There are 2 protein chains.
Amino acid sequence: MDIIRSVEVMQQAALGLRRTGRRIAFVPTMGCLHEGHLSLVKLARACSDQVVLSIFVNPIQFLPGEDFAAYPRPVEADERLCREAGVDFLFYPDTALMYSPDHSVFVEETCLSRGLCGATRPGHFRGVTTVVAKLFNVVLPDVAVFGQKDAQQLRVIRRMVRDLNMPVSILAGPIVREPDGLALSSRNRYLSPSERQDALCLRRALDTAESLVRAGQRSTVVLRQAMRDVIAGVPSAQVDYVECVDDETLEPVEWMERPVLAALAVRVGKTRLIDNTVLTS
Amino acid sequence: MDIIRSVEVMQQAALGLRRTGRRIAFVPTMGCLHEGHLSLVKLARACSDQVVLSIFVNPIQFLPGEDFAAYPRPVEADERLCREAGVDFLFYPDTALMYSPDHSVFVEETCLSRGLCGATRPGHFRGVTTVVAKLFNVVLPDVAVFGQKDAQQLRVIRRMVRDLNMPVSILAGPIVREPDGLALSSRNRYLSPSERQDALCLRRALDTAESLVRAGQRSTVVLRQAMRDVIAGVPSAQVDYVECVDDETLEPVEWMERPVLAALAVRVGKTRLIDNTVLTS
C-alpha cells in the first residue's frame, strides 16, 4: 500500500493509472475507520483495479463549535485497517496542502442541501461538495463509493456529479449496524455506556416507521409523530430533526406516493447521531 | 473536424483520447468567432495533439436584461473558421443538454470575482466558473486557453483551477486588436459606424495610462483620473468602471509597487465594451 501525503504526487499517480487504462475506485473518508468504511472498500475493490482511500478531516464542513478539533484521528489503526482491507493508495493530505490561505472557490448545491442536516448545519454541505470536488480532481476516480448512512450527503454528491458533468460513477453502500441495530459511526465512541444504550432509540424509531408502513400507514404526519414519540421516551435524547422527505427531491411529503426517506438526527447527551431508512409502499 | 452536440459523446471521446495518451487543448468560446479566438486556437494547437473548441452561449452568465437572446450565433461561419483553423472537435452543446430543469450545483469564486465586472454584473462569474467547470469535466483537457482580454475571467478561472485542484493548465492569449487599436470582441458588431470610432477611447485611455507610467507616474489615483478624462471627452461613452487593481489579488491599489491591472468597462451607445493592460513600473 502506498501512503501519499502530497496532493501533486497523488494526482500524478492517478493520471498515470488513467493513462494505463486502470480503473480507479475511490473511498473518501474522515478516518477513524470502522466496518462501515471497510464495507465501502469491499465494494470499491469489486469494481476496480486500484482502490484509493482518502483520510481528510475537512475543516470547512465543520461549523464553529462543532467537533473539528476533537474529531478522532487514530492514524496507525486506520493505516492498519487500510492495509488489511486491500487499499492500494492511502491518500492522507495535510490541511495546509488542501487549502491555500486565500482559498476562495466553493462548490455549492443549492436545493437538496437546504433541509435535514443542512438546516441545522448551514455551510456544512458547501464544505462537503467543495472537498469532494477537490478530491475527485486529485484522485480522478472512475467510481466513488459513499455510505447510505449519510443519505443526504449521498444525494447531494450525486447531484453535484450530474450537474457538473463529473466523469465519475457514484456507488452507494448500505448502512452497516452493530448487532443491536446502532448504525456504525466514528462518533459512537463519544457515547458513555448508558448513552450507548439510549442511542438505540434512533433505530427503534425507524423500525416503528417501517412497521407502520408495512401495516398500511401512508401518512407521513403519523409516521413522523410515531418516530418522535419513540425518541421522546428517552430522556438523554434530543431531536434535531425527524423528517419524511421524497427520496429523490428531499422535499417534505405529507403522503407516501413514491419512496420516502425517513431521516433523523438526534443528540444523545452531547453526541449528534444520524440514521435513516428508505420507506417504500 | 468532428462536430459533437452530445455531452456524453464528447466526454466519451475525451476519455478515449486520454486513454491513448493524447494531449487535449481546449478553447471554450461563446461563438461568433474572430481573430482573437483563432489566436487562442493557434496557441492550443502548438501545445497539444487534439484541439477541442466549444461554442456555448451560457445562459447563466447573462443577467436579466443583458444580451443573451440577441447574442450573435453565426453557426455556419463559425464552423468554417474552426475547420480552417485546424480544430479537431467542435463541441456545440444544446442548452437543454447542459442544464437540467432542476440544475442546482454552482461553482463560485468569492474573492477575485467581486470587483470590476463582478460589481456591475452580480452572478456573472458564478455562471462562468460553473460552465467552465462543467466543460472541463466533459472535455477533460490537459490545457485550456483563455484570452487576456477578459482579464478578470482569466484570473478567476486560474483561481478555480488552483482551489479545486483541477488537472488542467491554463494558458493565456494576448489581446488581439484591430489596426486602429480596438480590442476584438464579438460585441463590436453592435457598434454603429460613429460608435465604432468612439470605441477607440478605451484603447486611448489605456495608452494614456501606459505613457504616464513610462514617465514615472506611480499614483493610480492620477492614472485612473487620466483614463476617466479620456472617456469623458467622448459624449457617446459612459464609464461602467475604470480601475487600477493589483494584477494578482485584483484589490484596488493606490500606489504602484507590483504589476497593476488597468481595466475598464465602457458603454458606447448601448454596447458594453471592456479592455485592459498590465502596467509594470
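A nonpolar core is a set of buried Ala, Val, Leu, Ile, Met, Phe, Trp, Tyr and Cys residues joined through C-beta atoms within 7 Å. I note at the start that this model is predicted.

**Entry 1: the core**

I looked up the largest nonpolar core and found that it has 160 residues. The members that touch the most other members are A:Val139, A:Ala262, B:Val139 and B:Ala262. I then took B:Ala262 and listed its contacts, leaving aside neighbours within four places in sequence. Among them are B:Leu206, B:Ala209, B:Leu223, B:Met227 and B:Cys244. B:Asn276, B:Thr277 and B:Leu279 are also in contact with B:Ala262.

**Entry 2**

Three strands form an open sheet in the order S8-S9-S10 (chain B), and their pairing is antiparallel. Strand S8 (237-246) and strand S10 (271-279) of chain B are the edge strands, each pairing on one side only. Neighbouring strands here are turned by 15° against each other on average, direction ignored.

Strand S9 (residues 260-268) of chain B is joined to S10(B) by nine bridges. I checked one position: B:Val268 stands opposite B:Thr271.

Helix H10 (residues 220-232) of chain B lies across S8 and S9, at about 160° to S8(B).

**Entry 3: the six-stranded sheet of chain A**

I traced an open sheet of six strands with the order S1-S4-S3-S2-S6-S7 (chain A) and parallel pairing. Its edge strands are strand S1 (2-4) and strand S7 (169-173) of chain A. The twist averages 25° from one strand to the next.

Inside the sheet, strand S2 (residues 24-29) and strand S3 (residues 50-55) of chain A pair over six bridges. The bridge partner of A:Pro28 in S3(A) is A:Ser54.

I also looked at the helices. Helix H6 (residues 124-139) of chain A runs at about 145° to S2(A), and helix H7 (residues 151-163) of chain A runs at about 170° to S7(A).

**Entry 4: where the chains meet**

I found that the contact takes 30 residues from chain B and 30 residues from chain A. On the side of chain B, the elements giving two or more residues are helix H1 (7-19), strand S5 (105-109), helix H6 (124-139) and helix H7 (151-163). By class, that side has 14 nonpolar, eight polar and eight charged residues.

Strand S5 (residues 105-109) of chain A pairs with S5(B) in the antiparallel sense over five bridges. I noted one pair: A:Glu109 has B:Val105 as its bridge partner.

Terms used
Residues are numbered from 1 along each chain as its sequence is written. Chains are lettered from A and ligands numbered from 1 in the order in which they are written. This is a predicted model: local features need pLDDT of at least 70, side-chain atom pairs count only at pLDDT 80 or more; totals for chains, interfaces and linings use all residues. A residue is buried if 20 or more other C-beta atoms lie within 10 Å of its own, exposed if 12 or fewer, and partly exposed in between; C-beta atoms are placed from the backbone. Two residues are in contact if their C-beta atoms, placed from the backbone, lie within 7 Å. Helices (H or I, at least four residues) and strands (E, at least two) are DSSP runs, numbered from the N terminus. Ala, Val, Leu, Ile, Met, Phe, Trp, Tyr, Cys and Pro count as nonpolar, Asp, Glu, Lys and Arg as charged, and the others, Gly among them, as polar. Two strands pair if DSSP finds at least two bridges between them. Axes are lines fitted to C-alpha atoms, for helices over the stretch in contact, and angles run from 0 to 180 degrees between N-to-C directions.
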